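Could you walk me through this structure, from its core to its pockets and charged pairs?

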Amino acid sequence: MDHNRNIESSHPVAAPAPVTLAQAFRYWLRLGLISFGGPAGQIAIMHHELVEQKRWISENRFLHALNYCMVLPGPEAQQLATYLGWLMHRTWGGILAGGLFVLPSFFILVALAWVYMAYGNVPAVAGMLYGMKPAVVAIVLFACYRIGARTLVNRLLWGIALFAFIAIFVIELPFPFVVLTAGLTGFVGGKFSPAQFRTRGNQASAALPASGPALFDDDTPTPPHARFSWARLVRVASAGVAIWLGTMAALVAGYGWDNTFTQMGWFFTKAALLTFGGAYAVLPYVYQGAVEHYHWLTAAQMIDGLALGETTPGPLIMVVTFVGFVGGWVQHVSGAEAPFAAAVLAATVVTFFTFLPSFIFIFLGGPFIETTHGNLKFTAPLTAITAAVVGVIASLAAFFAWHVFWPRGIAGPVEWPAVVLAAAGLLALFRFRAGMIPVIFASGAMGMAWRLLA
């Protein structure tokens, strides 16, 4: 019997059949509908299905693409989907994969934002939102802990994180200044003391043994469309810049430079280029701009948007869709009689300019990455930026806690039910390893019960 098993196992397993664009469409749409759990969960889903089950791509090529996406600004899981779609089906395959990764979340968030703006004062809805806010505080603190435990391995990196926290929360310095200062510190420090900038990394766990060759295996030749050439690089860069300039020109021509739509396009282009370290890292910058500078929404609405964003599939940075919707609604961009139309257009503008750079980065750099097939390493500047990200996320938690626990200001009374719900959320996340979505919904249900019974 063992002999027969050995004979059977010695037969080579054929590679999967080529994947049609229709098959890819169905998969990417399904992924966009089930991609809960943040970037780690989304990447784990893609690895399990594309590497282990479907064998569309080999382990090494998957991790090679992931390493590239992790050093780019923007949502790495969405960029990875774009990269894999592009590798299999050229540019339109990448647009399809990356677009379907965010479109379900876009439509869900638009619907939730409409309910929020139209019925947010209904006692049951208001009570649920009241309970969700403390859960957001707990979730952001938990995210800070997870990144910090992996990154802050010595006193220098702890110092960079502390500097970032003080700079953002206390001194209120601009987010780009903090990122650039951290990167410069890593660049200089890496030359004189490189050992100080070695972290535990974010290495993927060991994968299960491959069940056979992949469609894009380790030794599969690079397809013609994925081969690097300077001419192609210039074409892609020119097309990306032309799309951005054309869209901005249309907004300026139609509404003027100072209009809310145009300013949203400009602001979220800058935000998209600063999203190193994930959505939690750039949210303070979005908070500074959308809440404090432009007044598109209030701090309480920003927290509500993050709570709703945590409950939807897709990248967490999709919370900017909510920001755009609320900003378009309250600013009466299309007149007081058409708030919904203005809100949907603003949400579309914000989402477009947030994700356009991600597509351009993938289409620009993908051929070079496929040509090298070498492992990309985190440099000392990126390590320092990641350390600063921990402090930035801590400042975000402090921002949210301030508004949730002291809604009337520091001189006002403490909102003790919110403190209790946040503590319960932290206990569930740390002690019982509960998922973020159950924590959000459970806290929302308790908040609703408290408001209705109080």
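A word on the ground rules comes before the tour. This is a predicted model, so local features need pLDDT of at least 70 and side-chain atom pairs count only at pLDDT 80 or more, while totals for chains, interfaces and linings use all residues. Residues are numbered from 1 along each chain as its sequence is written, and side-chain values use heavy atoms, with hydrogens and water left out.

Let's start with the core. In soluble globular proteins, nonpolar side chains tend to be buried together. A nonpolar core here is a set of buried Ala, Val, Leu, Ile, Met, Phe, Trp, Tyr and Cys residues joined through side-chain atoms within 4.5 Å. Buried means under 20% relative accessible area, exposed means over 50%, and partly exposed is in between, using a 1.4 Å probe and protein chains only. The largest such core has 135 residues, and Trp28, Met46, Phe268 and Tyr280 touch the most other members. Helix H5 (residues 76–119) is its main contributor, giving 18 residues. Helices (H or I, at least four residues) and strands (E, at least two) are DSSP runs, numbered from the N terminus.

Phe268 is worth a look on your screen. Leaving out residues up to four places away in sequence, Phe268 touches Val286, Trp296, Val320, Val323, Val350, Phe353 and Thr354. Contact in this sense means heavy atoms within 4.5 Å.

Next come the empty spaces. Rolling a probe the size of a water molecule over the atoms shows where empty space is left. On a 1 Å grid over the protein atoms alone, a cavity is a set of points where a 1.4 Å probe fits but cannot get out; a pocket is an open set with protein on both sides within 12 Å along at least five of seven lines, and lining residues have an atom within 4 Å of a point. Grid points are joined across faces, edges and corners, and a volume is the space filled by probe spheres set on the points.

The second largest pocket holds about 660 Å³ of space. It has 23 lining residues, and Ile95, Phe352, Leu356, Phe359 and Phe363 are the closest to its centre. H5, helix H9 (230–255) and helix H14 (339–372) each supply at least two residues of this lining, with the largest share, nine residues, coming from H5. By type, the lining has 15 nonpolar, six polar and two charged residues. For this count, Ala, Val, Leu, Ile, Met, Phe, Trp, Tyr, Cys and Pro are nonpolar, Asp, Glu, Lys and Arg are charged, and the others, Gly among them, are polar.

Thr247 sits in helix H9. Thr247 counts as partly exposed because its relative accessibility is 26%. Beyond residues up to four places away in sequence, Thr247 touches Phe352 and Phe353. Thr247 and Phe352 are 105 residues apart along the chain, yet their C-alpha atoms are separated by 9.7 Å.

Now for the charged pairs. How many salt bridges does the structure hold? There are three, each being a side-chain nitrogen of Lys or Arg within 4 Å of a carboxyl oxygen of Asp or Glu. One of them joins Glu49 and Arg30, whose closest N and O atoms are 2.9 Å apart. Glu49 is in helix H3 (residues 38–53) and Arg30 in helix H2 (residues 21–34), so this pair ties together parts that are 19 residues apart in sequence. At 8% relative accessibility Glu49 counts as buried, whereas Arg30, at 40%, counts as partly exposed.

Glu370 and Arg61 also meet in a salt bridge, at 2.5 Å from N to O. Glu370 lies in helix H14 and Arg61 in helix H4 (residues 59–70), so the pair ties together parts 309 residues apart in sequence. Both Glu370 and Arg61 are buried. Lys133 pairs with Asp304, with closest N and O atoms 2.7 Å apart.

Finally, the structure holds two cavities of 30 Å³ or more. The largest, with about 40 Å³ of space, is lined by Leu50, Trp56, Ile57, Leu84, Leu87 and Met88.
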